[in-house]
Amino acid sequence: MEMERAIENRGCCLVRKFRKSLRRHLLFILTLSAVIFGFTLGFLLRLAEPSADALLWLGMPGELFLRLLKMMIIPLLVCSVIHSSESPLVEGKTNVYEAVPQDIFADLLRNIIPDNMVEATFRQTQTKYSHEMVEQFQLVDNSTRKNISSNQNSTIQMVQKLVKSVGKTDGPNILGLIVACMFLGTAAGKMGKKAKPFLDFFAVSTEVVLQVLRWFLWMTPVGISSLIAASIAGTRDVTGTFSSLGLFVLTVTLGIVLHQALFLPLIFFLTTRRNPYTYFLSIGRAWLIGFAATSTAVAIPEMLNACENKNHIDKRVSRFVIPFCVTLNADGSALFITAAAMFIANISGHPLTFGEVAIIGLLTAIASLALPSVPSSSIVTLIMVLSSMNVPVHAVSLLFAVEWFLDRIRTTSNVLSHTHCAAITHHFNRQGPGKTEGPVMIEEEVELIVHSPDAYNS
């Protein structure tokens, strides 16, 4: 009798643990299932060759999901950076074919210091290019002077001249907002008690925005399946596409896999002495959102959730490091741009020397600092790098055939890199003079309030 009770109690205990684990990981399971469903649906619908209107409505849930998340990015970024900067962590569409590295770098510096904070929420500085016809005097020697009178020593020609100007382009200047908010937060921290109402306002505002985003995240499975299905269904010749660009796709994919599965985990282990693969599992949902949305900015809310709630990374660290990395750190994109530049140069009959490969790496490193976190922005940077190396850019159009796949996998590398930066920064910060509160609990399973549907009723 006692044995039967013990078995029954053990069975009830296992059921409770299973239910608890299921509720904790429910959203992740649904999201992973949505990825599989999206791929399956996309390949099946592709056989029917859906029209543009059909693809529009197939991708509409995903588009609405992205719009919901993007709507909250600026409020979350402004509030979290101002609040986290209270205690500083450290001391101290244009003609893209004519873009040059110095202009990209100059735009980066201009955007760091925005001249209008309100405008920075929806526009950023960008060098514009135009052509003007100007008069140019040309000297004429005696041998070429035929129909020109003897008293003329020069002739006037109309030539086309490239003119640069500092203009604006649509899109939030996230880097400028971060810097401006960092100044405000640091100044408020120096003022002590006087600034407490100011800081409390942004602290509460951050939590309010995060709560709204938690509601939105329950739409993740629907949005992800819609985005993936529409992307694949719109690709007419998947087999032909990958067979013609197979080696290039394989090279980039292998590089991304090595970056995520070997190099980043090795850096993480050597710096924190923690299990990197356990940490990777804890940010799996952010990884999937980045894969579906092809934008690291859209994955910011989930990256913050994973860092703060699952891994106990100090909020002052995560809410400063994550937005900052989104604007300046693009590991996967840099890998893609470098490989793509060498691939395009090779098929265009422009063999590269070792020095030119090194220059491509340097140009990519500079240009990636100003890479916007929007889908396919790496293609624009790639064109700039190729133009700087005098490599024909017409073959870039080939990459658009596989862009739907490569854009997704390189975005996941960026997401992984951002969250690793937050964990490593927290690790060193809590060991230094200005150490933060609480350990980095990476290996411990922590139940998230966002994972429980019933939590929203409380």
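A residue counts as buried when its relative accessible area is under 20%, as exposed when it is over 50%, and as partly exposed in between (1.4 Å probe, protein chains only). By that scale, E207 is partly exposed, at 31% relative accessibility. Welcome to a short tour of a predicted model, in which local features need pLDDT of at least 70 and side-chain atom pairs count only at pLDDT 80 or more, while totals for chains, interfaces and linings use all residues. Residues are numbered from 1 along each chain as its sequence is written, and side-chain values use heavy atoms, leaving out hydrogens and water.

**Two helices side by side**

- Helix α9 (residues 220-233) packs with helix α13 (residues 284-293) at an angle of about 35 degrees, and their axes are 9 Å apart.
- Helices here are DSSP runs (H or I, at least four residues), as strands are (E, at least two), numbered from the N terminus; axes are lines fitted to C-alpha atoms, for helices over the stretch in contact, with angles from 0 to 180 degrees between N-to-C directions.
- The crossing of α9 and α13 is left-handed, a word used when the near helix is turned anticlockwise from the far one by less than a right angle (clockwise would be right-handed).
- On the α9 side, T220, I224, L227 and I228 touch L288, I289, F291, A292 and A293 of α13, where contact means heavy atoms within 4.5 Å.
- The residues of this contact are 8 nonpolar, 1 polar and no charged.
- In that tally, Ala, Val, Leu, Ile, Met, Phe, Trp, Tyr, Cys and Pro are nonpolar, Asp, Glu, Lys and Arg are charged, and the others, Gly among them, are polar.

**Salt bridges**

- A salt bridge puts a side-chain nitrogen of Lys or Arg within 4 Å of a carboxyl oxygen of Asp or Glu, and the count comes to 10.
- E119 pairs with K168, with their closest N and O atoms 3.4 Å apart.
- E119 is buried at 16% relative accessible area, whereas K168 is partly exposed at 24%.
- Both residues also belong to a salt-bridge network with D115 and R123.

- K315 and E207 form a salt bridge at 3.6 Å, N to O.
- K315 lies in helix α15 (residues 315-328) and E207 in helix α8 (residues 196-217), 108 residues apart.
- K315 is partly exposed, with a relative accessible area of 41%.
- R319 meets E308 in a salt bridge at 2.9 Å, N to O.
- R319 is in α15 and E308 in helix α14 (residues 300-310), 11 residues apart, and both R319 and E308 are buried.
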